[in-house]
Amino acid sequence: MTVYVAAFVNQLAHMGVQQVVISPGSRSTPLAMVMAEHPMLNIHVHIDERSAAFFALGMAKASGKPVALVCTSGTAVANYYPAIVEAYYARVPLVVITADRPHELRDVGAPQAIDQLHIYGSYVKWFVDMALPEENERMLRYAEMVAARAVCVASSVPKGPVHINVPLREPLVPEIDKPSLFSPSSSARSVYKGNKHLCEEMIDELYAELSGVEKGVIICGDLHIEGFSDAVVKLAEALQYPILADPLSPLRTGTHGKQVIIESYDAMLKNEVFANQFVPDVVIRFGAMPISKSLYIWLQEHKQIKQMVVDEAGQWRDPTLSLQVLIEANEVQFCYDLAQRASNSFRSTQWIRQWQHMNERAKRILLKAEEEMDMFEGKIFIELAQLLPDEATLYVGNSMPIRDADTFFMSSHKRIRLLANRGANGIDGVVSSALGASYVAQPLVLVIGDLSFYHDLNGLLAAKLQNLHATIIVLNNNGGGIFSFLPQANEPKHFELLFGTPTHLSFQHVVDMYNGHYEKVETWEHFRRAVTHALSRPTLNVIEVPTSREYNVKIHRKLWKDVSQEMSNLLNKGEWA
């Protein structure tokens, strides 16, 4: 058994896996001990399987590299499920390795034995139930091949999780003192990957369709590919199309040009007149669907817009159900190829100047939130845009935080990367995901709501055990703040019980338990000092910001109303640029 497991583990390392997250258990003993012995692997032990899986997800999301995840048999396997769903939809590479009872102990009432075959269903790109260990040359090659294929599939476009189920018989303790445990003569596999690209004729055909179209828009969602920002800006400038840039796209921050970037489209599109008057003839979309609901409604209601989705993975990610053209091509290469065609012809600048002018007026109003003296949640992101240093990572929780990032985190030449768990949009596992990301991305700040923070308090153990440096800003409005913006808020009889869900918790005690530094702030000056000190303090830092749900709704709606009024005034005056 030892040589078989060692061949498998050695191949994982040779294929580029560097980080392994292990949830302790008995049946996974051979895997855990051999992995801990391997000189090329970094081991992270997490007791809570759900937190462990999200920690691995955050690490893989931040690094872009596959992370291995190992657990014992039984319900431990099921506890990985939420993170695997998120990884699948968010295209995050995970190699999930679950130990299992041998075949003769399945479905006979053996302890800690559940049906683990295809347990993750369609949420993994590949599943294999490995053969029982044998120490002959053919089976060693088999173990190596499974490991190589798993890493390759997880890392291929679209990236995602794979599941390897490993049945193991007792005795489970491997002989790790063998001198040739990881034999250098073991044949490492090599994989050469290329990018999909369109032929010259296809590029010519696409540009012919766009050559006479002045009213076009480029929409960019979550997509982190090296060189994409410069490429898509070059395309936008060549076509003279504005880029509606989601905060999770890499376009709002960085050293690339920002003149074509439109950040305030969500607030602008809430104005019905603007939404109906600024309808493009064509939309070219990259990455995941953006966060903005008003953008989604705008695309859905105007079926006449010709929507093109560029996705090298060839997946039909279009919840508006309006996609007309799917382009399976590497996004960076596509942008450069099409921009080259467009750069040779004159393009009118009127359309893009109209968008830029309206965007600047909307930004000016939204940034008035900076004048708020009370603790308004949206202002957090205006403050962080100033406080975060270059190369920082900002992890954003779901529900209200990510929507406030969309509205108030404007363009910056700082290289600040925004991450969030927007695959399945859940509030679970966000603390663990951010702490996993903090292992490879420094400095890291997480902005999260109080319910989501409570949901993953177990994840804080990782910071204590691994001495991680992360700053968590908890926006504590004592409940589910996003529901105050939904129709349920108009039904007060059961609203607090079913949706507001106040918990009245004090988080200081739990932060102390994990050896973190806790600070509660109630003024903006205190907030700035707390964030500045936390960024220089190499430990877990939790900054609690008490806020009011009612006040939050009031200020949001006032700002949205002011933007909408400004849009109407400009349109009535015919003032474009």
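The model is predicted, so local features need pLDDT of at least 70, side-chain atom pairs count only at pLDDT 80 or more, and totals for chains, interfaces and linings use all residues. Residues are numbered from 1 along each chain as its sequence is written, and side-chain values use heavy atoms, with hydrogens and water left out.

**Stop one: a helix pair**

Select helix 3 (residues 49–63) and helix 16 (residues 430–440). Their axes come within 6 Å and cross at roughly 45°. The two helices are therefore oblique to each other. The crossing is right-handed.

Now show the side chains. On helix 3, the contact (heavy atoms within 4.5 Å) includes Phe 54, Phe 55 and Met 59. On helix 16, Leu 435, Tyr 439 and Val 440 are among the residues that take part. The contact residues divide into nine nonpolar, six polar and no charged. Gly counts as polar here.

**Stop two: helix 22**

Select residues 549–573. Helix 22 has 25 residues and reaches 36 Å from its first C-alpha to its last. That is close to the 36 Å expected at 1.5 Å a residue. Step just past the helix to Gly 574, which takes a positive phi of about 70°.

**Stop three: a salt bridge**

Which residue forms a salt bridge with Asp 311? Select Arg 91. The closest N and O atoms are 2.8 Å apart. A salt bridge is a side-chain nitrogen of Lys or Arg within 4 Å of a carboxyl oxygen of Asp or Glu. The pair links distant parts of the chain, 220 residues apart. Asp 311 sits in the loop between strand 11 (306–310) and strand 12 (323–327). Arg 91 lies in the loop between helix 5 (81–90) and strand 4 (94–100). The structure holds 21 salt bridges.

Technical notes: Axes are lines fitted to C-alpha atoms, for helices over the stretch in contact, and angles run from 0 to 180 degrees between N-to-C directions. Helices (H or I, at least four residues) and strands (E, at least two) are DSSP runs, numbered from the N terminus. Angles under 35 degrees count as roughly parallel, over 145 as roughly antiparallel, 65 to 115 as roughly perpendicular and the rest as oblique. A crossing is left-handed if the near helix is turned anticlockwise from the far one by less than a right angle, and right-handed if clockwise. The expected span of a helix is 1.5 Å times one less than its number of residues.
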